[in-house]
Amino acid sequence: MTLPYQGIRMVDFTQVQQGPSATQVLADYGMDVIKVERINDGEIGRRNPPRVNGISAYFLANNRNKRTISLDLRRPEAKEIIYKMVKVSDIVASNFRPGVMDRMGFGYEELDKINPRIIWAVATGFGSSGPYEKRIGQDLLAQALGGMISLTGDRESPPRPAGTFIADFLGGMLFAQGMMAALAAREQTGRGQIVDSCLLNGMIVSHIQENAAVLNLGKEYPRPHPAGGHSANGALYAIYECKDGKYFAMMGSFAENVLGRVCQALEIEPSLADDPRWKDVDLRSEETWGFYPVLKAGFKKFDRDEVERRFLEYDLPPGPVHNLQEVFEDPQVIHNEMIVDMEHSIYGPIKLTGFPVKLSDTPATLRLPPPTVGEHNEEVLRELNYTDDEIRALQREGVVGSENARRAALDLIGEGI
């Protein structure tokens, strides 16, 4: 089966999440992503807790379908290996702070001389230039500066960040999108270019609808009511606690005769729909919090699963609030194949998140497990026409890692040989 990016090669300097989540998307669809790491230690993301059989769960999550080469990039011989890789590659990706790649000798102007078709892709915290150029980029800081935290939480509590590293992930997806666009553009122009992505911009576009209202109407978005899902909606777009202490998200603002059907589902009598106070009220307005106590009491009469059954019966969108364990037990999640199993030669059986986008003819596949440090050193160097003697010499001199030889020696010791 031919994959969408089969035959395209990337030299990948990225670390932790923003960069690796982006390059993994391209690797999933067939790109040959070669991860450049430090000898023995690898990239810093390998040390992030929690650990699965000795390896970071976060590293496992963001580095499948990649190969790796370990180098001492302070050595001129190692830089020469990178230049040879660039000559036969399509993308060089990094998420260091601005200026780091240039200081290492891998800036765009340098690599463009080697390969005018190279796409030089950088993901930063706040942008490659400007007043925040030198600031450390990090998920929480981007959520703060980009407006996400100000919108999250409720009006009776302090603003809160999202429940996960959303700036890193969304920044990674936009980074991948930029590289895809540059590849498509190269088909038209024959030349590479710079792709510049950052966490801050990702957070800003995450609330693109609110932005249009703020910029054009001066509208404000205070954090919502303590139970509310969004400040622009009312009590029918909110989170309710059920009898069993579990929660249910109701999205009923847009449905026909929604108030009457919600009251039927929750056995609320007399129905709020028959109350003249609510006859002409915009069901997305702040006024609807006036009947919130009635809805709150209605939900408390039933366990969450029973509320879901009743909502389905009255053709209302069901919204059980799942914890992560429940997410992966959900029948739709299982049907969508959002869990993939793999057997790692070092770390044993591993479960990873599945592929979110499905292609009918060229679907993403799990071809390579997340690599160990230096796992593909010899393989990659042979592809660059280094002989076995030259590879061994580079390893003796500490230019290239010897991790595979050490692992093989440890295996022999473990087998009692």
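**Reading a predicted model**

User: What makes up the lining of the second largest pocket, by class?

Analyst: In this model, which is predicted, the lining of that pocket has eleven nonpolar, ten polar and three charged residues. The lining comprises 24 residues, and those lying nearest the centre of the pocket are Met 148, Leu 151, Thr 152, Gly 153 and Gly 229. The volume of the second largest pocket is about 520 Å³.

User: What are the overall dimensions and make-up of the protein?

Analyst: The C-alpha trace spans about 85 × 55 × 40 Å along its principal axes, and the protein has 18 helices and twelve strands. Of its 417 residues, 47% are buried. Among contacts with a separation of 6 or more, 69% are made by residues 24 or more positions apart.

User: Which residues of H3 are buried?

Analyst: They are Ala 78, Ile 81, Ile 82, Tyr 83, Met 85 and Val 86. One of these, Tyr 83, is also among the residues in contact with Gly 105.

User: What makes Ser 21 count as buried, and where is it placed?

Analyst: Ser 21 has a relative accessibility of 4%, which is under the 20% limit, and it therefore counts as buried. Its place is in helix H1 (residues 18-28). Beyond the neighbours within four places in sequence, Ser 21 is in contact with Asn 62, Asp 168, Phe 169, Gly 172 and Met 173.

User: Why is Tyr 29 called buried, and what is it in contact with?

Analyst: At 11% relative accessibility, Tyr 29 is under the 20% cut-off, so the label buried applies to Tyr 29. The residue sits in the loop between H1 and strand E2 (32-38). Leaving aside its neighbours within four places in sequence, its contacts include Leu 3, Pro 4, Tyr 5 and Gln 6, as well as Val 357, Leu 359, Thr 362, Pro 363 and Ala 364. Tyr 5 and Tyr 29 are 24 residues apart in sequence, while their C-alpha atoms are 5.8 Å apart in space.

User: How many disulfides are there, and how do you know that Cys 263 is in none?

Analyst: The count comes to zero disulfides. For Cys 263, the nearest cysteine sulfur is that of Cys 242, 16 Å away, whereas a disulfide needs the two sulfur atoms within 2.5 Å, and therefore Cys 263 is in no disulfide.

User: What makes Cys 263 and Cys 198 count as buried?

Analyst: Cys 263 has 1% relative accessibility and Cys 198 has 4%. The limit for buried is under 20%, so both cysteines count as buried.

Technical notes. Residues are numbered from 1 along each chain as its sequence is written. This is a predicted model: local features need pLDDT of at least 70, side-chain atom pairs count only at pLDDT 80 or more; totals for chains, interfaces and linings use all residues. Side-chain values use heavy atoms; hydrogens and water are left out. Contact means heavy atoms within 4.5 Å. On a 1 Å grid over the protein atoms alone, a cavity is a set of points where a 1.4 Å probe fits but cannot get out, and a pocket is an open set with protein on both sides within 12 Å along at least five of seven lines; lining residues have an atom within 4 Å of a point. Grid points are joined across faces, edges and corners, and a volume is the space filled by probe spheres set on the points. Ala, Val, Leu, Ile, Met, Phe, Trp, Tyr, Cys and Pro count as nonpolar, Asp, Glu, Lys and Arg as charged, and the others, Gly among them, as polar. Buried means under 20% relative accessible area, exposed over 50%, partly exposed in between (1.4 Å probe, protein chains only). Helices (H or I, at least four residues) and strands (E, at least two) are DSSP runs, numbered from the N terminus.
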